[in-house]
Each structure stands twice: as structure tokens, then as C-alpha cells.
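Here is a short briefing on a two-chain protein model. Look at the structure first, then read the points below.

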Amino acid sequence: MNIREYISSGILEAYALGELSEKERSEVENNLARYPELREELALIEEAQEKLLMQAAIKPRDLVREKIFAAVDQQKPEAKVIALSPPNNTISLWKFTAAASITIALITSYLAYTYHDKWKATQSDLTNLIAQSQRVAQEYNQVNQRLNKIEEDLRVIDNPAFTRIIMNGTPNAPGATAYVYWNENTREVYLSVQNMKTLAQENQYQLWAIVDGKPVDAGVFDGGIAGGLLKMKDIGTGAATFAVTIEPRGGKPSPTLETMQVAGNVVKG
Amino acid sequence: MVKRLQAKDRSALAYLYDHYAGALYGVIFRILKKEAIAEEVLQDVFLKIWDRFDQYDPSKGKLFTWLLNIARNQAIDKTRSREISQERKTSDIENVVSRIENEDYIEQRIEGIGVKDILKDLPEEQRFVVEYLYLKGYTQSELAEEFNIPLGTVKTRLRLAMQQLRTTLNVT
């Protein structure tokens, strides 16, 4: 190799300026190792370059220095670990794995917490809904029963086989009213209380049918029950009058006439 | 010095900074022309030096050369990653004006004797090459391309200029 020519091509200046490709660079480095003249020449070039650039220096603001050393101080412990242990990649892989695991754990916990919350909320919603639907079902049953009752009552009231007897208040209870629906063929008796006062706990009303001048017991009932028909005891045929007296709870075999509340005669249509 | 840096001696880095930061910042600033970005790159350069000091091989060149190469490459990479490159390459009037303003600004902050003084004895064509490569942040191939000079000629002109400057700069 012609060293003089090599030098005068300017390749060492380009090398010092960092302008060469990877390939050219390693060629120059090989030559430098082999030829001391090249090393001497390079040293002169580098020195001139350094001096020139030192003359062209621009002072950066002080804050840059502070930032650099703050960053260096922050990474110092980490840098030491890396310097001491050669398997650099293992550490960063390990770090990465640890960081990834922690991240996944955090995300999972968060999701678990969130889903647990949602699950609990859903469960309580479900409990409420079940209770609500039970309530609705109960109400439906009650309404249904009342409807059935009303339909049955209507069948009695509408049925021409039943005779309606209006029982008006006696001087004992001038405002009281009650109706009896009586089917002479089937002997059934129904009572509809329109307006009768509530009795003391130990007393009950007792319905009587007067058949051939004699009172026949047709069953007891409590006052204050409005709406709907009460099924009473069947009686024989030929009743001329119905009346209600107040008797001790459970009723008596014969009426206490002084307590008569309402009474009405059977009007045969 | 090199051993202290390899041992991650903070005070050695401080010395390196106090000694070379200005020269390196001069190089970086001339390439990037923007203070904030140049400072950011200078910071990156010193952190890189600190992290990779074990890669420095004294048999391949002086410490300053190694530092210069890192700084220059980092700054050039930055021009490619930003819109700066475009501003630098286009030569419309606005950019020429802003470049001139920047140069005035640089000159105000230069320490020591003016570089222009050092270069004043060089033949025009050599001074041009030194200015563009060292003071305007061009690479050799950019210079060759933009001014239509063969790359080999750029190299030999720089060679001649650097030889001449040894006298001016007292390199023996």
C-alpha cells in the first residue's frame, strides 16, 4: 500500500469526522493497526480537529449540565448492577418479565374486583326481581280469587231462581240494611250485608228464617263485612220472613227478639 | 481518565463535560440550529457517553474524536427525524435569512478567538469546505451533492485545509 497516497486521499480526515461507512471504517482501523505512520498522521489530524472545534465551542446553558447529572445520579445504582453482571440481556428480560407479570397481575386484580362488584350487584338485582315477581303473583292470585268470588256472587244475584229479600232496619238500628238471596228449590241462602254496625268481640249477628211462624237458625256472621255474598245455612222451604238478631258469639237455638236489627218479608214474585 | 470513566466515576464525567460540552454543543447547535433541540441532543449525547463508555477503544482514536462522532451522528439523526432537515435543505429566502441570523447568534456565543480568524489564511475553496463541514453541520456527501463537487475532491480539499490549519492551531 502506498501510504503517502492513502493519506493524501483525505480518508483519515473523513475517518476522524466520522463520515465513513462501517466497511470503510474497519478497513481504516485495520490499516491503523498495521502502519504506525498512519497512526501518527491520524493523531495530528485529530488534534487539529479538536483544537478547531474547541475554538468554535458554544457554551450550553447551565441547566443542561444539571439535567445530565440528575439523570446520571438517578440511574447510578442500576448502572452498577449492569456493569457487574455480564448477562445484560437476562437482567432486562427478567425485568421485563417481572414488569409484565406485575402489570398482568394488576390488570387481573382490577378486572376481578370489577367483575365481583358487578356480580354482586347483579345478584341483588336478581333477588329483588324474584321478590317482586312473587309479590305480583300473590296479588294476581288475590285478584283472581276476588274475581272468582264476584263471578259466583253474580251467578247468584243474576239467577232468577233466587228471591231477594230486603231486610230493613228495625227501631233498634234504623239505618241498617241487608239482603237475603234465597233459592227455595235448592234451599241455599246467601246474605249480603249493606250497612250494619260492627259488634263487640263477644257478639255475632244471627240470621233467622221464620218458617210456619217459628224461627229457624240460618247461621251466624260478623258485622262490618261489606261487599260480596255470605253463604249461610240451608233452610227448609216455606220461609215467610228473614230477620237478624244480635246473639252471643256462636249463636243461640232461639232468637233474642229484643235485639232484632233488620227484618224483611219474602215477597213471592 | 478513560479508566475512571469506565468505572463510572461521576467526577470524571463532570470533567469531561466541563472540558468538552462547549465544543460538542457547538457542533450539535450548528447542525440543528435550534437551542432547545440542540440542548436535548447534547443531553442525550452525554448520557450515551456515560452508558457506553466501555465501547470506547483508545487504539482507534482520541477520546474527543469518539465524543465528536457520537455527537455528530446523534445530531444528524435528529435532523432526519424532524422537520428541521427540510428547513435546512430548502434554500428559499426566508430560510437563508434565518440561517444568517442563527450564525450571528452563534458567533456571539463563541468562546476564544473567532474561528473565522483561524480560517482566514486558507484558500477560498478549502475554507469553504472546512466551514461547511465543521461550522455549518454538513456531511461530506451532503456538501458534494448540494454544491456539485465530487466526493473525492471534498475529501482532498479537507485534507489540505487540515494540514494548513496545523500551523495556525499549533499542532506539532
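Helices (H or I, at least four residues) and strands (E, at least two) are DSSP runs, numbered from the N terminus. From the N terminus on, chain A runs α-α-α-α-α-α-β-β-β-β-β-β-β-β. That is six helices and eight strands. This is a predicted model: local features need pLDDT of at least 70, side-chain atom pairs count only at pLDDT 80 or more, and totals for chains, interfaces and linings use all residues. Residues are numbered from 1 along each chain as its sequence is written, chains are lettered from A in the order in which they are written, and side-chain values use heavy atoms, with hydrogens and water left out.

**Chain A**
- Chain A has 269 residues, and 33% of them count as buried. Buried means under 20% relative accessible area, exposed means over 50%, and partly exposed lies in between (1.4 Å probe, protein chains only).

**The interface**
- In chain B, 61 residues are in contact with 46 residues of chain A. Contact means heavy atoms within 4.5 Å.
- The two chains bury about 5000 Å² between them, 60% of it on carbon and sulfur atoms. Buried area is the accessible area (1.4 Å probe) that two parts lose on being put together, summed over both.
- Ten salt bridges are counted between chain B and chain A. A salt bridge is a side-chain nitrogen of Lys or Arg within 4 Å of a carboxyl oxygen of Asp or Glu.
- Several helices of chain B give two or more residues to the side that touches chain A, among them H2 (10–32), H3 (35–51) and H4 (63–81). H2(B) gives the most, with 15 residues.

**Salt bridges between the chains**
- A:Arg65 pairs with B:Asp18, with the closest N and O atoms 2.8 Å apart.
- B:Arg72 pairs with A:Glu19 at 2.9 Å. B:Arg72 sits in helix H4 of chain B, and A:Glu19 in the loop between helices H2 (11–16) and H3 (22–34) of chain A. Both residues are buried.
- A:Glu50 pairs with B:Lys62 at 2.8 Å. A:Glu50 lies in helix H4 (residues 36–55) of chain A, and B:Lys62 in the loop between H3 and H4 of chain B. A:Glu50 is buried, at 10% relative accessible area, while B:Lys62 is partly exposed, at 29%.

**A salt bridge within chain A**
- A:Asp217 pairs with A:Lys233 at 2.5 Å. A:Asp217 is in strand E5 (residues 214–221), and A:Lys233 is in the loop between strands E6 (230–232) and E7 (239–248), 16 residues apart.
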